[in-house]
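Reader: Before I use these coordinates for anything, could you walk me through the structure question by question, with the cut-offs stated along the way?

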Amino acid sequence: MLLTMLGSTFLFGALVYDVRYVLHDSDHMAGWLLGLVSLMVLAGCGLSLPLAGRWGTAPVMRGGTLAAGGVLLVAYMLPARVEVLGISLALFGLCVGICNPVCFTLLAHCMDGGDGFSGTHTVGLAWALNSTASKMAFDVGGSLLAGVLAASGLVSGVGVQSVHAQAGIHAGFLLLPALLYLLAGGVVLRYFAPQNPVEAVNSTASPPPT
C-alpha cells in the first residue's frame, strides 16, 4: 500500500500542473478530471466483491494494481491530449476502486487474530501502522514531487514553461506513478499465493460433529 499511495500522491499532486502547463487547459478541467477519477473509484468498489468472490482477493488485488500501472504507462506513451488523459484516468480510477476493498481484506487476512483477552490482539496495531504508512506516503510523496518539479525547471508564476519542465511534469504525473504501481503489483504482491475462495472457506470450516 505504501508504494501505491506514493504513486497516487505523485499523480494527484501533479495533475493540475500537467493540465495547466502540458495540456494548456484550465484548472476547471483538472477539477473535472479529479471528479471523474472519484466517480470511477466508486464504480470499481462495486465491482470488487463479485470479482474477489470469483477469483480471490489476492489475484484481484495484484491484477488491479498491475492494470492501474499499465494504464498510466500507456497514457504516458500516448500523445498528451485531454481526451486520452480522461479515458486513462477513468480506467485508472476503476482499477483503484476494485483494489481498495480487497486491499483491506488482505490486510485483515494477514493479521493474526490472537487473543483479545490476553492482550495479543494485533489487528488494531496493524491498522494503526497502515494508517501511519499512508500518511508517510503523502508526506514523502509531496516532498519528492516538489523536488521533481524543481529539478525539471518549473518556474512559479510563469504561464508557459520550458520543454524540459513540461517533460518533468508529465513524467512526475504519469511515469513515476506507473512505475510505483507496477512495482507494487509485480514484486510485492506476487508473494500472495492465489487461493480459490471455495477452498479458502473449506480450509477454515469446522469439521462436522460426530
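Author: A residue is called buried under 20% relative accessible area, exposed over 50% and partly exposed in between, with a 1.4 Å probe and protein chains only. This is a predicted model, in which local features need pLDDT of at least 70 and side-chain atom pairs count only at pLDDT 80 or more, while totals for chains, interfaces and linings use all residues. Residues are numbered from 1 along each chain as its sequence is written, and side-chain values use heavy atoms, with hydrogens and water left out.

Reader: In which helix is confidence lowest in the protein chain?

Author: The pLDDT, which is the predictor's confidence in each residue from 0 to 100, averages 82 over the protein chain, and 80% of the residues score at least 70. Over residues 193-210 it stays under 50, and where pLDDT is low, the predicted coordinates should not be read in detail. Helices here are DSSP runs (H or I, at least four residues; strands are E, at least two), numbered from the N terminus. Confidence is highest in α3, at a mean of 93, whereas the lowest mean, 42, belongs to residues 197-204, helix α7.

Reader: What is the geometry of the aromatic pair formed by F92 and Y181?

Author: Rings of Phe, Tyr and Trp (its six-membered ring) pair if their centres lie within 6.5 Å, with planes under 30 degrees apart counted as stacked, over 60 as edge-to-face and the rest as tilted. F92 is buried at a relative accessible area of 2%, and Y181 is likewise buried at 5%. Because the ring centres of F92 and Y181 are 5.4 Å apart and the planes stand at 80°, the pair is edge-to-face.

Reader: Which residues does S8 touch, not counting residues up to four places away in sequence?

Author: S8 lies in helix α1 and, at 12% relative accessibility, counts as buried. With contact taken as heavy atoms within 4.5 Å, S8 touches, beyond four places in sequence, G13, F92 and Y181.

Reader: How far apart are the closest N and O atoms in the salt bridge of R20 with D27?

Author: A salt bridge requires a side-chain nitrogen of Lys or Arg within 4 Å of a carboxyl oxygen of Asp or Glu, and a search of the whole structure finds 2 of them. R20 is partly exposed because its relative accessible area is 31%, and D27 is also partly exposed, at 41%. Whereas the side chains of R81 and E83 meet at 3.7 Å, N to O, the closest N and O atoms of R20 and D27 are apart by 2.9 Å.

Reader: What is the phi of H24, which is a residue other than glycine?

Author: Most residues other than glycine have a negative phi. H24 lies in the loop between α1 and α2 and counts as exposed, at 51% relative accessibility. Its phi is positive, near 55°.
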